Amino acid sequence: MGLFHTDDFTVTKKWLGENGEPTTGTENVEVKLIAVDLDGKELDLKDSGIDGNATVTLTPAGKYTHTWRGLKKYYKGSEITEGNPWKEIEYIVEEVGEHNHAVTINDVRYHVEYEPVKAGDVITGYQITNA
């Protein structure tokens with residue numbers, strides 16, 4: 001794994017009914033990919049290798065899944081004056097319109113939870129659950 005190593009990052013949307021049982025969603029939802037440094041500071045998209053818009057629409061036809069491909073794992077930090085200038089990038093997602101773990105879609109209010117999906121100790125994506 002070199003400094004220009006790239007990763008894929010997948011987001012999946014899950015819907016739960018009133019009693020907590022899995023259900024099929026019928027609404028399109030927008031999800032934004034956000035690149036942050038290890039201190040949680042949001043990075044410019046160009047540092048992460050995202051070309052174009054980091055916001056995607058998840059649909060029932062697409063099984064509420066999207067994968068961003070070829071994301072950079074490291075960026076060159078401009079504020080480092082000595083030592084290794086390369087810093088690791090972490091990726092998180094946010095459902096557009098979500099505030100305080102709640103979102104309203106077509107006049108229905110849903111509780112939103114974000115669960116990281118891991119391969120070993122590495123976060124490779126998120127599952128977003130609306131209940």
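1. Lys13 and Glu95 form a salt bridge, with their closest N and O atoms 2.4 Å apart. The term denotes a side-chain nitrogen of Lys or Arg within 4 Å of a carboxyl oxygen of Asp or Glu. Lys13 belongs to strand β1 and Glu95 to strand β8 (residues 90-95), so the pair ties together parts that are 82 residues apart in sequence. Strands (E, at least two residues) are DSSP runs, numbered from the N terminus. Both Lys13 and Glu95 are buried, where buried means under 20% relative accessible area, exposed over 50%, and partly exposed in between (1.4 Å probe, protein chains only).

2. The model is predicted: local features need pLDDT of at least 70, side-chain atom pairs count only at pLDDT 80 or more, and totals for chains, interfaces and linings use all residues. Residues are numbered from 1 along each chain as its sequence is written, and side-chain values use heavy atoms, with hydrogens and water left out.

3. How many salt bridges does a search of the whole structure find? The search finds three. Side chains of opposite charge can pair when their charged atoms come close.

4. Another salt bridge joins the side chains of Arg69 and Asp8 (2.8 Å, N to O). Because Arg69 lies in strand β5 (residues 65-72) and Asp8 in strand β1 (residues 6-16), this pair ties together parts 61 residues apart in sequence. Arg69 is exposed, at 59% relative accessibility, while Asp8 is partly exposed at 38%.

5. Lys73 and Glu88 also form a salt bridge, their closest N and O atoms being 3.1 Å apart. This pair links distant parts of the chain, 15 residues apart: Lys73 is in the loop between β5 and β6 (74-76), and Glu88 is in strand β7 (residues 86-88). Lys73 is buried, with a relative accessible area of 11%, whereas Glu88 is partly exposed at 30% relative accessibility.

How values were computed. Helices (H or I, at least four residues) and strands (E, at least two) are DSSP runs, numbered from the N terminus.
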